[in-house]
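Biologist: I've never looked at this structure before. Could you walk me through how to read it?

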Amino acid sequence: MMSASRRTSIRSYHIRTFGCQMNVHDSEHVAGLCEQMGYEWTGSADEADLLIFNTCCVRQGAEDRLWGNLASLAHAEGARGLVAVCGCVAESRGVEILARFPEVGLVFGMEALGRLPQLIERSLVARVCDTGEVEEAEIDALPARRENTLRARVPVSHGCDNNCAYCVVPLVRGGERSRPASDIVEEVGALARAGVVEIELLGQNVNSYGGDLDEKVSFAEILGRVAGVPGIRRVKFETSHPRDLGREVLVAMSECGPLCEYLHLPVQSGSDRVLKAMNRGYDAGYYKETAALARQIVPGIKITTDIIVGFPGEDREDFERTLDLVRTVEFDAAYMFMYSPREGTPAWLLEDDVPVAEKKRRLAELSRLQGKITVNSLEKMSGARVEVLVEGLGRDPGQVVGRTRGNQVVVLDGSEAPLESLVTARVVSAGRHSLKGRVYEVLLEGGRQGTRRE
Ligand code: 5AD
Ligand code: SF4
C-alpha cells in the first residue's frame, strides 16, 4: 500500500542510524549531502520530508529493528515523505526491501552516496535501488555534518580482511582498503583548522592498516602523524584486533600526549577452543598478556571489549573460561552479545546448538559479573581530575554528558559545562555506567578558548 499522499518536495530530513561507529560516520556524510541540497535537519522522524534509515546487519537483532521500523511506517497516518534505506542491509537485501515495503522509495549503498542528489530526484518520481560501485576516496571527500564541532570521526580503512567465523562485515563491506596516509593526515589537518580537537580514527581492524598499500606506513606511524597535527588534543581509535595490536602502538600511546589512554580490544571468548572455531588467530593466554602489557606500558589505560556468548559448540566449560578471562582482565566496560547466525558467514554452516534460553542465561551471568567490574572501575575514579569533551544533553534536564580520555561517560551540570566544550572536572561520584563530575575549568568552548570557573 502506498501512503495516501507523498510529499513531492523536500525541505527537511531525519536519519536513524543503527550499528557501529563506521555507520555513524557514514550518516554524517549523508547528512552533509542533505545540508548541501538545502534540506534542514529535523528531530522528528514523523515530520521529515526525507526519512533515511542507515542500517546494520551484524546481528539479527539490529536487522529486526529495521524491519519493525519499516513495518510501522505502513500504519503511520497522514502524508509520508520519501523513505530511504542505506547501509549494510541495503547492500545485502536491497531488492527485498523494495519488494516488502511499498513505503520505501529509495535504497542505496554507500558507494552510491556521491549520486544521492540525483537518486533523490529520481525517487520522487519512481522507486530506485542503487547499490553500484565508485571509489571510496570520493566518498571520504564528500561533505559531512558532524554533531559536534570539537570532535570528528575519520576512517583509516574500509572493509575487513579477516574471516571471523561469525562475522558478516567482510561480506557486506568487502576486503580491507586502507586510505593513503596523506589523505588521512590532510583530512585531520582540515578538521583541526575548522576547530576540531578530538579525532576518532575508524577501521574494522585499525592495526592491520597499510598492509594493502604500496607505501609502507604502519598504524603506529599514522597515530604519530595525526597526533602531531597542530590543534589536535585527543586521538582515539577503534577497533583493534588483539592479534595485530603491536607493541609500537602501545608505546606511541604512552609517549604521545594527544593519544588517549583508551583501547577497545574485542576478545569475543575466553575459551581457546571457541576462539579457534571463531578463527580469531590468538588464544586466551595471548590476549591476557596483551591486555597486561597495555596496562603496563600505558598507565591508567581503560580497556573495553566485545564478547559473544553461545557460539556454536560453546559448552559450560568454555563459558566458564570466558568468565575467568573477564575476572582476570577486569575490563573497564564490555559490550556483550548472544551469538546470532548470519547467512553467508563460515559459522552459518555450523549448527546453532546453544538454546536461546541458555544463551540468555549466559549473557545475564556475564553481564552481572562485568557489571560489578565496571562499577569498580568507575569507583576507582572518585576524586580524580578528568578532562571531559562534552558531547550532548544528559537524561535529566540541565545535565550534559561527555567522555574522558579513557572514554568513560561523565555527567555534568549544563550550567557549568556548555555543549561542545572541553572541560576539566573532578569526579564526585560513580554510578553503574557513568561518573558524575563537577567542572573545574572550561578549556575550550565551541572551538574557542574558554574561561576558568570561579
Ligand atoms: N553474533 C553476535 N555478535 C556478533 N558480533 C559480530 N557478529 C556477530 C554475530 N553474528 C559482535 C562481535 C563484534 C561486535 C561488533 O559485534 O562481538 O566485535
Ligand atoms: Fe568482523 Fe572479525 Fe573483521 Fe571484526 S575483525 S569486522 S569481527 S571479520
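Predicted model: local features only at pLDDT ≥ 70, side-chain atom pairs only at ≥ 80, totals over all residues.

Biologist: Let's begin with the big picture. Which domains does the assignment give for the protein chain?

Modeller: The assignment lists domain 1, covering 12-135, and domain 2, covering 385-449. Taken over C-alpha atoms, the centres of domain 1 and domain 2 are 33 Å apart.

Biologist: Now the sheets. In what order do the six strands of the open sheet come?

Modeller: Read across the sheet, the order is S2-S1-S3-S4-S5-S6, with parallel pairing. Strand S2 (40-41) and strand S6 (128-130) sit at the edges with a single partner strand each, so each has one side without a neighbour in the sheet.

Biologist: Can you zoom in on one pair there? How many bridges link strand S3 and strand S4?

Modeller: Six bridges, in the parallel sense, link S3 (residues 50-55) with S4 (residues 82-87). For one example, look at Phe-53, whose bridge partner in S4 is Val-85.

Biologist: And the sheet with three strands: which of them stand at the edges?

Modeller: That open sheet runs S12-S13-S14, and its pairing is parallel. The edges belong to strand S12 (262-264) and S14; each has a single partner strand, so one side of each lacks a neighbour in the sheet. From one strand to the next, the twist averages 10 degrees. S13 and S14 run parallel and are joined by six bridges, and Asp-306 is found opposite Tyr-335 in S14.

Biologist: On to pockets. How does one find empty space in a model?

Modeller: The general idea is to roll a probe the size of a water molecule over the atoms, which shows where empty space is left. Here, the second largest pocket has a volume of about 450 Å³. It is lined by 21 residues, and the closest to its centre are Asp-332, Ala-333, Ala-334, Thr-374 and His-433.

Biologist: Which elements each supply at least two residues of that pocket's lining?

Modeller: Strand S13 (302-309), strand S14 (333-338) and helix H13 (356-379) do. H13 gives the largest share, six residues. By class, the lining of this second largest pocket has eight nonpolar, nine polar and four charged residues.

Biologist: Last stop: which residues surround ligand 2?

Modeller: Look for Cys-160, Asn-162, Cys-164, Tyr-166, Cys-167, Val-169, Pro-170, Gln-204, His-241 and Arg-280 around ligand 2. Sorted by class, that shell around ligand 2 has six nonpolar, three polar and one charged residues.

Conventions: Residues numbered from 1 in each chain as written. Chains lettered and ligands numbered in written order. Heavy atoms only, no water. Near = heavy atom within 4 Å. Nonpolar A, V, L, I, M, F, W, Y, C, P; charged D, E, K, R; others polar. 1 Å grid on protein atoms, 1.4 Å probe; cavity = no way out; pocket = protein on both sides within 12 Å on 5 of 7 lines; lining within 4 Å. Points joined across faces, edges and corners; volume = space filled by probe spheres on them. Helix = DSSP H or I, 4+ residues; strand = E, 2+ residues; numbered from the N terminus. Domains from an automatic or database assignment. Pairing = 2+ DSSP bridges. Axes fitted to C-alpha atoms, helices over the stretch in contact; angles between N-to-C directions.
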